[in-house]
Amino acid sequence: VDLFGLCPPWGGPEDLSADTWDLRSGIPCGDGYLLTAMAYSTAKNIALVLPRNTQESQLRSLAAVCNSPCRVLEMNVRGKCKLIVACFGPLFSQTAL
């Protein structure tokens with residue numbers, strides 16, 4: 001497997017009204033760190049779709065779990081960020097946090 005694309009359920013609009021979103025507790029089906037670590041054991045490139053208010057410090061921590069830099073892409077509609085895609089692995093290592 002070359003790439004794992006993960007788009008876990010994260011609650012929707014009510015999560016966006018909070019100041020920050022927690023990767024450990026924000027996914028109803030489990031811990032975002034564990035989910036990403038399991039995917040990384042299969043593929044060394046991961047794209048993780050997350051709310052726009054995900055804590056940057058948690059993305060840095062997740063990069064350490066994956067032993068890979070993190071590149072964050074903002075998905076914008078009419079100039080406003082709607083969500084982010086956190087990318088880990090060699091495919092995404094040129095521009096990283």
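Colleague: What should I know before I start?

Modeller: The model is predicted, so local features need pLDDT of at least 70, side-chain atom pairs count only at pLDDT 80 or more, and totals for chains, interfaces and linings use all residues. Residues are numbered from 1 along each chain as its sequence is written, and side-chain values use heavy atoms, with hydrogens and water left out.

Colleague: Which residues are buried in helix H3?

Modeller: Terms come before the case. Buried means under 20% relative accessible area, exposed over 50%, and partly exposed in between, with a 1.4 Å probe and protein chains only. Helices (H or I, at least four residues) and strands (E, at least two) are DSSP runs, numbered from the N terminus. H3 spans residues 56-66, and Gln58, Leu59, Leu62, Ala63 and Cys66 are its buried residues. Seen down the axis of H3, they fall within an arc of 150 degrees, so they line one face of the helix. That arc is taken from the directions from the helix axis to the C-beta atoms.

Colleague: What covers the buried residues of H3?

Modeller: The cover includes helix H2 (32-40) and strands E2 (46-51), E3 (70-77) and E4 (80-88). Contact means heavy atoms within 4.5 Å.

Colleague: At what angle do H2 and H3 pack?

Modeller: Axes are lines fitted to C-alpha atoms, for helices over the stretch in contact, and angles run from 0 to 180 degrees between N-to-C directions. Here the angle is about 35 degrees, and the axes of H2 and H3 are 10 Å apart. H2 gives Tyr33, Thr36, Ala37 and Tyr40 to the contact, while H3 gives Gln58, Ser61, Leu62, Val65 and Cys66.

Colleague: How do E3 and E4 run?

Modeller: Two strands pair if DSSP finds at least two bridges between them. E3 and E4 run antiparallel, joined by eight bridges. Val77 faces Lys80 of E4 as its opposite. The hairpin has two residues between the strands.

Colleague: How should I read a positive phi?

Modeller: Most residues other than glycine have a negative phi. Arg78 has a positive phi, near 50 degrees. Arg78 sits in the loop between E3 and E4.

Colleague: Is Arg78 buried or exposed?

Modeller: Arg78 counts as exposed, because its relative accessibility is 87%.

Colleague: Where does Asn67 lie?

Modeller: Asn67 lies in the loop between H3 and E3. Asn67 follows H3, and its phi is positive, near 50 degrees. Asn67 counts as exposed because its relative accessibility is 69%.
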